[in-house]
Amino acid sequence: MTSLRQDEPVRPTRRDEVAAAGSELIGGPIGRRALLGAHWLSPVRVVALVAIGMFALGMVQKLPCYNGGWFFGATSQYVHACYSDIPHLYSGRGFADGLIPYFDKLPGDMQYLEYPVLTGLFMEVASWMTPHGGTIQDREQIYWLANAGMLMVCAAVIAVCVARTHRRRPWDGLLVALAPAFALTATINWDLLAVALTAAGMLLWSRSRPLAAGVLIGLATAAKLYPVLLLGPLLVLCWRAGAWRAYGRAVLGTVVSWLVVNLPVMIAHDASGFHLREGWAKFYTFSQERPIDFGSVWLLISQRTGNPLENANLYASLLMVVGCGALALLTLYAPRRPRFAQLAFLVVALFVLTNKVYSPQYVLWLIPLAALARPRWRDFLIWQACEVMYFLGIWMYLAYTGSGDKHQGLPPEGYQLAIALHLLGTLYLCAVVVRDILLPERDVVRKDGDDDPSGGVLDRSPDVFVLGRASQEPRHALHFEAAPRVRWGVVQD
């Protein structure tokens, strides 16, 4: 017998039938005697190049809008499914006029920029790269290109971080790089900045660097609100493992980095003293006051029943609290401590499913987490198919509502079906992840002998606090002993 190398990479074409079938396009599954690691084109480099290539294809998909759809015709940008907020907000949020976000008031109903501070800085940097001469159309095109260039860097960072988070599974990064919804929605808005910082934070946590991970999670929260949700799963996981020091360092890094970014914009001073700046608070007041919007379960209910659901904030908050409580109980009762990536995916999915709006670009939040939580091509592609259908459905619906009496596009009933498909696809992936938590032998990551490669200090650590049957010998769990794994029946060299 011979010891198996603990760092031997997992070959997806030998573990995943869909990956094996797809590999026929490039010559078939990798052979038994293939020499891995001997070529400069390593798995991580391949993943990065594929991610950049797919991002470029997504830019090409926006070409009809770049050439006129954003500027001419009431529904052209919807008919071609190439809408983006970026060119419209260049002039709509004062960047074309040189206004400073959060400090200068905007003309119209939206008095201040409604994005978090780090995203506002990202938008401002892109405006610095946009020349002030020429027509407004030319400047909006260049502004979109400047943003797209920076977002492409974010896309490559996300793919590389996912490929490196699970040391033995670098090819899982291809799930992100090849995700069709990733390419289609990457340049709708500025979400990729927060997603990249979150992916980097998870990578550092997996390398047992909780303080640095917390710093990046704090920066990600300064770009988008959802990354702070990751502290919830970490709390329960560290509680079960007794890793309070690591959790405290992560929280400290999160709070300090968030404050460093926000304080210069948050606090204003005048003759009356110190007070919260109205421009900084706009993101939070806007999130609270906005009505139910596209893609959400609340819009589906409202359209079907005719009820405006004025208390949607309360309903969403209650569902979020109940869902987080259920995830905490799941973590403490599970036969094996859940993997960090599994709970991170579930809590973010819970947030978007219960939110007042489920915009098509929110799928970007979930794709890296899904690739780490359930790296199985069949389930991933089923979910992606639902997301692509919704991506097409929302633009066809907007074309329908914007074409006047012509009603060219998808009617409300069709859009409601697209919303249902959108929600069910996410729920399906959540159900599969929950099943993997309850039956760890079904978890494709643990099948290969790993415990929690994204868990950092939690990986292979013993439990300190559990509930129910989890405190006994687990019936449906693989054991992860300190002794090396062996393969019987193989003659030792």
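Let me start with a question: is Asp 451 buried or exposed? Asp 451 is buried, with a relative accessible area of 3%. The cut-off for buried is under 20%. Keep in mind that this is a predicted model.

So what does Asp 451 pair with? Its side chain meets that of Arg 336 in a salt bridge, at 3.7 Å from N to O. Asp 451 sits in the loop between α22 and β4, and Arg 336 in the loop between α17 (312–333) and α18, so the pair ties together parts that are 115 residues apart in sequence.

Stay with salt bridges. The structure holds 15 of them. Another one joins Asp 448 and Arg 169, with 3.1 Å between the closest N and O atoms. This pair links distant parts of the chain, 279 residues apart. Asp 448 is in the loop between α22 (444–447) and β4 (486–487). Arg 169 is in the loop between α8 (136–165) and α9 (173–177). Both ends are covered: Asp 448 counts as buried at 8% relative accessibility, and Arg 169 counts as buried at 7%.

Now a pair of neighbours. Asp 379 forms a salt bridge with Arg 378, again with the closest N and O atoms 3.1 Å apart. Asp 379 is buried at 0% relative accessibility. Arg 378 is partly exposed, at 40%. Which residues belong to their network? Salt bridges with shared partners join Arg 374, Arg 378, Asp 379, Arg 435 and Asp 436.

On to the cysteines. How many disulfides does the structure hold? One. Cys 65 and Cys 82 form it, with sulfur atoms 1.9 Å apart. The torsion about the S-S bond is about 75°, so the disulfide is right-handed. Cys 65 lies in helix α4 (residues 63–69), and Cys 82 in the loop between α5 (76–79) and α6 (85–92), so the bond ties together parts 17 residues apart in sequence. Cys 65 is buried, at 0% relative accessible area. Cys 82 is buried too, also at 0%.

Next, a helix. α11 covers residues 191–206, which makes 16 residues. From first C-alpha to last it reaches 23 Å, close to the expected 22 Å. How many of its residues are buried? 16 of the 16, so α11 is largely enclosed by the rest of the structure. After α11 comes Ser 208, with a positive phi near 60°.

Then the annotation. An unreviewed UniProt entry marks several spans as "transmembrane region", including 211–239 and 418–438. In the model, residues 418–438 are 100% helix, and their end C-alpha atoms lie 30 Å apart. Residues 211–239 are 69% helix and 0% strand, with the end C-alpha atoms 17 Å apart.

Last, the surface. Leu 211, Val 215, Leu 252, Val 256 and Val 260 form a nonpolar patch there, with about 400 Å² of accessible area together. Helices α12 (210–221) and α14 (244–266) each give two or more residues to the patch. Which gives the most? α14, with three. Leu 211 is in α12, and at 34% relative accessibility Leu 211 counts as partly exposed.

That's my tour. Over to you.

Definitions and conventions
Residues numbered from 1 in each chain as written. Predicted model: local features only at pLDDT ≥ 70, side-chain atom pairs only at ≥ 80, totals over all residues. Heavy atoms only, no water. Patch = residues over 30% accessible without salt bridge, like charges linked within 9 Å, V, L, I, M, F, W, Y side chains within 5 Å. Areas by Shrake-Rupley, 256 points an atom, 1.4 Å probe, with all protein chains shown as cover. Salt bridge = Lys/Arg side-chain N within 4 Å of Asp/Glu carboxyl O. Helix = DSSP H or I, 4+ residues; strand = E, 2+ residues; numbered from the N terminus. Buried < 20%, exposed > 50% of the residue type's maximum accessible area, 1.4 Å probe, protein only. Expected span 1.5 Å × (residues − 1). UniProt positions renumbered as here; feature names shortened; annotations may be inferred. Disulfide = S-S within 2.5 Å.
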